[in-house]
Amino acid sequence: MMKKVSVVILNWNGMEMLRNFLPSVVEYSKKEGVEVCVADNASTDSSVEMLRNDFSEVRLILLDKNYGFAEGYNRALEYIDSEYVVLLNSDVEVTPNWLLPLIDYMDAHPETAACQPKLRSQRSKRFFEYAGASGGYLDRYGYPFCRGRVFDVVEEDKGQYDTIADVFWTTGAAMFVRLKDYREAGGLDANFFAHMEEVDLCWRLKNRGRNLVCIPQSVVYHVGGATLNKENPRKTFLNFRNNLLMLYKNLPDAELKQVLRVRACLDVLAALAFLLKGEWRNAKTVFEARREYKKMLPLYAALRNDVQQNIMDGHLMKGRMSYSILWKFHIVRKRTFSQL
């Protein structure tokens with residue numbers, strides 16, 4: 001019999017994270033038809049041994065090498081046969097009945113491919129968490145932001161974003177997705193390795209006419225930045241390169257050239273901003289990311305063609321804004337989502 005939900009946590013050398021946060025997932029996911037799985041990306045620490053000894057109720061999926069976040073999930077989900085899957089980071093603490101609002105909404109709304117709970121910071125529990133807050137949006141030039149987080153301004157959660165809302169992307173830290181939709185859209189882009197992969201997947205789902213929402217009645221707490229901190233040049237590289245690849249793959253023909261021209265200018269400004277802060281490695285990395293993006297364009301021509309063939313009417317593209325969030329934030333000084 002097909003299970004209702006598989007909660008899948010991808011792990012690589014994250015024994016302490018699992019030890020700290022897996023107990024809440026196991027305890028608060030006890031429901032008929034729900035399984036908790038850990039997919040291990042060939043860890044070299046004692047994660048697998050610890051899971052076998054301390055969490056025998058958790059289903060263990062062993063991958064043969066570290067495939068990264070994106071392909072790691074693609075490989076892991078080959079072993080899953082459930083109606084819904086939750087892609088859950090190992091540094092997420094869940095709350096009682098966190099799954100019920102997500103299941104109920106998805107059961108009642110077959111037009112919706114994916115949803116997310118409200119993410120609060122595990123370190124400062126009154127505040128939203130950077131990586132998803134209360135639902136994700138995208139500006140005209142590919143910059144992501146959230147209800148509750150615009151760039152580095154993270155709001156305190158005072159219930160101001162407690163309505164269920166259509167969003168453009170759902171966080172990869174706790175993405176609740178129909179497995180059928182995930183597979184039909186092609187899953188996460190393995191070439192991304194990590195970062196921006198969930199936004200790209202959500203854009204492809206949107207292109208297919210599917211809806212995405214945030215359901216704040218479900219609350220989880222996310223540590224965030226557990227694998228690469230915000231100033232890490234590797235993270236800068238992946239964010240800039242993957243964002244450009246995402247734009248190239250998903251933008252309609254009418255917007256592609258103009259948006260990419262503006263982005264080239266904005267990326268130079270980003271590099272200058274890093275230099276002014278003394279972050280010369282990050283500044284250099286912006287240009288390295290752009291070079292790598294250009295090298296990968298021949299590979300992405302076929303991927304773009306496939307995406308473009310599946311684009312449906314744009315009336316469901318709620319959450320992709322027509323403005324520049326950089327202009328709104330830095331020039332007009334709109335610092336919170338409710339001010340935009």
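Helix α8 crosses helix α9 in a right-handed sense (the near helix is turned clockwise from the far one by less than a right angle). The contact between them is made by Asp 253, Leu 256, Leu 260, Arg 263, Ala 264, Asp 267, Val 268, Ala 271, Phe 274 and Leu 275 of α8 and by Trp 280, Asn 282, Ala 283, Val 286, Phe 287, Arg 290, Tyr 293, Arg 304 and Gln 308 of α9 (contact: heavy atoms within 4.5 Å). The model is predicted, with local features needing pLDDT of at least 70 and side-chain atom pairs counting only at pLDDT 80 or more, while totals for chains, interfaces and linings use all residues. Residues are numbered from 1 along each chain as its sequence is written, and side-chain values use heavy atoms, leaving out hydrogens and water.

**Packing of α8 and α9**
- α8 spans residues 253-276 and α9 spans residues 280-309; helices are DSSP runs (H or I) of at least four residues, strands (E) of at least two, numbered from the N terminus.
- Their axes lie 9 Å apart, at an angle of about 165 degrees (axes are lines fitted to C-alpha atoms, for helices over the stretch in contact; angles run from 0 to 180 degrees between N-to-C directions).
- The two helices are therefore roughly antiparallel (angles over 145 degrees).
- The contact residues comprise 12 nonpolar, 2 polar and 5 charged. Nonpolar covers Ala, Val, Leu, Ile, Met, Phe, Trp, Tyr, Cys and Pro; charged covers Asp, Glu, Lys and Arg; the others, Gly among them, are polar.

**Leu 238**
- Leu 238 sits in helix α7 (residues 233-250).
- Leu 238 is buried, at 2% relative accessibility (buried: under 20% relative accessible area, 1.4 Å probe, protein chains only).
- Beyond neighbours within four places in sequence, Leu 238 contacts Phe 192, Ala 194, His 195 and Asn 243.

**Ser 82**
- Ser 82 belongs to strand β4 (residues 82-88).
- Ser 82 is buried, with 3% relative accessibility.
- Its side chain makes a polar contact with the side chain of Ser 6, at 2.6 Å (a pair of N or O atoms within 3.5 Å; within protein, one must be able to donate a hydrogen and the other to accept it, and residues adjacent in sequence count only if both atoms are side-chain atoms).
- Not counting residues up to four places away, Ser 82 touches Met 2, Lys 3, Lys 4, Val 5, Ser 6, Glu 35 and Leu 179.

- Ala 133 has phi near 40 degrees. Ala 133 lies in the loop between β6 (112-121) and β7 (136-138) and is buried at 0%.
- Phe 151 has phi near 50 degrees. Phe 151 lies in the loop between β9 (149-150) and β10 (153-154).

Note on methods
Angles under 35 degrees count as roughly parallel, over 145 as roughly antiparallel, 65 to 115 as roughly perpendicular and the rest as oblique. Buried means under 20% relative accessible area, exposed over 50%, partly exposed in between (1.4 Å probe, protein chains only).
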